[in-house]
Amino acid sequence: MSIPSVFFPEQKLLKLGLKLSSNIHYQLSPEELAEQSINRGQGQYNDTGALCINTGKFTGRSPKDKFIVLDDITKDTVHWNDFNQAIDEKYFHILYKKMMDYLGKKDELWVRDSYACADSNYRLNIRVVNENPWSNLFAYNLFLRPNEEELDSFEPDWHIIQAPNFSANPETDGVRNCNFSIVSFTHKMILIGGSGYTGEMKKGIFTVLNYLLPQQKNVLSMHCSANVGKDADVAVFFGLSGTGKTTLSADPARKLIGDDEHGWNHGSVFNFEGGCYAKCIDLTAEKEPEIFNAIRPGALVENVQFFNGTNKIDFSSKAITENTRVSYPLHFISNALEPAVGGLPKNIFFLTCDATGVLPPIAKLTQGQAMYQFISGYTAKVAGTEAGVTEPKSTFSACFGAPFLPLHPAKYAEMLGKKMNENKVNVWLVNTGWTGGSYGVGNRIKLSYTRALISAALNGELNDVEYENMPVFNLAIPTACTAVPSEILNPRNTWTDKAAYDVKAKSLAEQFITNFKKYASGSGEEILAAAPQV
């Protein structure tokens, strides 16, 4: 859908303080945005017709340059930490004015009205202002898309102002570097400057929803993917970027609800977004057919390389970054559920990319273990997802999403525990990382094995097999599963040097225990008893 700028109520931009010397491109179609990007030398088509662009210096999020305005709304409610960094409100005003002056001098701007939350009870209207067309295409793909009737009366609840070529001055603007992402709950605005990485926009709105929904709507916001089977059985996959949320939820046998951000209310799980943002590194049609086939006209591919002399993408190339990405609307997935609202979960999977090679490919968790693992949020940051990460690095990210959670982790954990208990949900820990040794020695667990294990959990096969106890972590691991070699189910069996495994397992256990100390005072006996034993 393309709406000429003449139909856009420009007075609404004037209220932002934006000078309208610019040509406003409003609500353009994906085809128009892609063509404009090509015409401006900002990208090229690949052999399937997808637009391929380079996001510039930043090819991943920059969490140390993300801020929340410290004001009367946030001062006593936000959990201030390394991820939720405070910035004085005066710097918001300084940067806001500078950005408005900067954008007001542009020859053209792109504006899009969209919204978040597939459940209309929680809808958040968003107006996005971009300085280039491909950023606006990302907004089309990732946020939900109003119809023409809804646009007639559209009023934004929040604004995103994104200007990749605008640079802040750290000496005067209260930020660390020239790039920044600032969320103001008072002004209901997200300012993004100095970075073309499109993921900053989606994670900005995710941060907003993670603040609003649990406090105001009693909805658990989750960093997870979700799908639903033919028997209406919903599965939820928690995990940080690179652990397999998008890949494992895109299952041809199940309807996709969404790949990254969801809410869980009293009766359903619903998607926050209108699209997917999938990693492309080593993508193949055989391993990930749904994602592979979504790379077509309308998709936006970031930071990939082509085979020499062609416009065919070399998905194995890490020349620019390992965090190559593609965004596309949800309907590009053949079995997407629309509207993206499912029922209540029957299975929850905690996905961890264990770079130590200690944890099993799958384990069934008790209620106490589930809460312990959720609060711990152990995984590895995968190369490229954040600036400066070049190889897997073990980390603990509370609730599998600490960088995006403005409230104290205990708030989300309390809500999840209550919902798991009320709905008798099966909870599984799934290692999508290494086996046979740590990173550099062992190998990444085969995707086919992980898929088989998850399918077995979903269809009930793992309810009827024997389990053995894994020492130290006291995890229940199955002794057999169809299509999976039994010898890999117990990770110690995959290590040539068993003594080295024991040392590494003890080391990882100690990391868990040390990390959990900051949550111990607020945890019950059942959760504390789920800690590893060394």
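## The interface between the two domains

About 1600 Å² is buried between domain 1 and domain 2 in this predicted model, and carbon and sulfur atoms give 62% of that area. Buried area here is the accessible area (1.4 Å probe) that two parts lose on being put together, summed over both. On the domain 1 side, Phe 206, Asn 210 and Pro 214 lose the most area to domain 2, together 34% of what that side buries.

Domain 1 covers 10-41 + 63-217, while domain 2 covers 220-264 + 344-530; these bounds come from an automatic or database domain assignment. Their C-alpha centres are 33 Å apart. Counting contacts (heavy atoms within 4.5 Å), 17 residues of domain 1 touch 17 residues of domain 2.

## Salt bridges

Side chains of opposite charge can pair when their charged atoms come close. With a salt bridge taken as a side-chain nitrogen of Lys or Arg within 4 Å of a carboxyl oxygen of Asp or Glu, the whole structure has 17 of them. Across the interface of domain 1 and domain 2 the rule finds 4. Lys 203 also pairs with Asp 260, with 2.6 Å between the closest N and O atoms.

Another salt bridge joins Arg 40 to Glu 108 at 2.7 Å, N to O. This pair links distant parts of the chain, 68 residues apart: Arg 40 is in the loop between helix H2 (30-39) and strand E2 (44-45), and Glu 108 belongs to strand E6 (residues 108-116). Helices (H or I, at least four residues) and strands (E, at least two) are DSSP runs, numbered from the N terminus.

## Cavities

There are 4 cavities of 30 Å³ or more. Each is a set of points on a 1 Å grid over the protein atoms alone where a 1.4 Å probe fits but cannot get out, and lining residues have an atom within 4 Å of a point. Grid points are joined across faces, edges and corners, and a volume is the space filled by probe spheres set on the points.

The largest cavity has a volume of about 60 Å³. Helix H6 (residues 199-217) gives the largest share of its lining, 4 residues. Among the lining residues are Arg 61, Glu 200, Lys 203 and Phe 404. By class, the lining has 2 nonpolar, 4 polar and 4 charged residues, where Ala, Val, Leu, Ile, Met, Phe, Trp, Tyr, Cys and Pro count as nonpolar, Asp, Glu, Lys and Arg as charged, and the others, Gly among them, as polar.

## Backbone details

Glu 338 and Pro 339 are joined by a cis peptide bond with omega of about -5°. Asn 218 has a positive phi of about 55° although it is not a glycine.

## Notes on the model

Residues are numbered from 1 along each chain as its sequence is written, and side-chain values use heavy atoms, with hydrogens and water left out. Since this is a predicted model, local features need pLDDT of at least 70 and side-chain atom pairs count only at pLDDT 80 or more, whereas totals for chains, interfaces and linings use all residues.

How values were computed. On a 1 Å grid over the protein atoms alone, a cavity is a set of points where a 1.4 Å probe fits but cannot get out, and a pocket is an open set with protein on both sides within 12 Å along at least five of seven lines; lining residues have an atom within 4 Å of a point.
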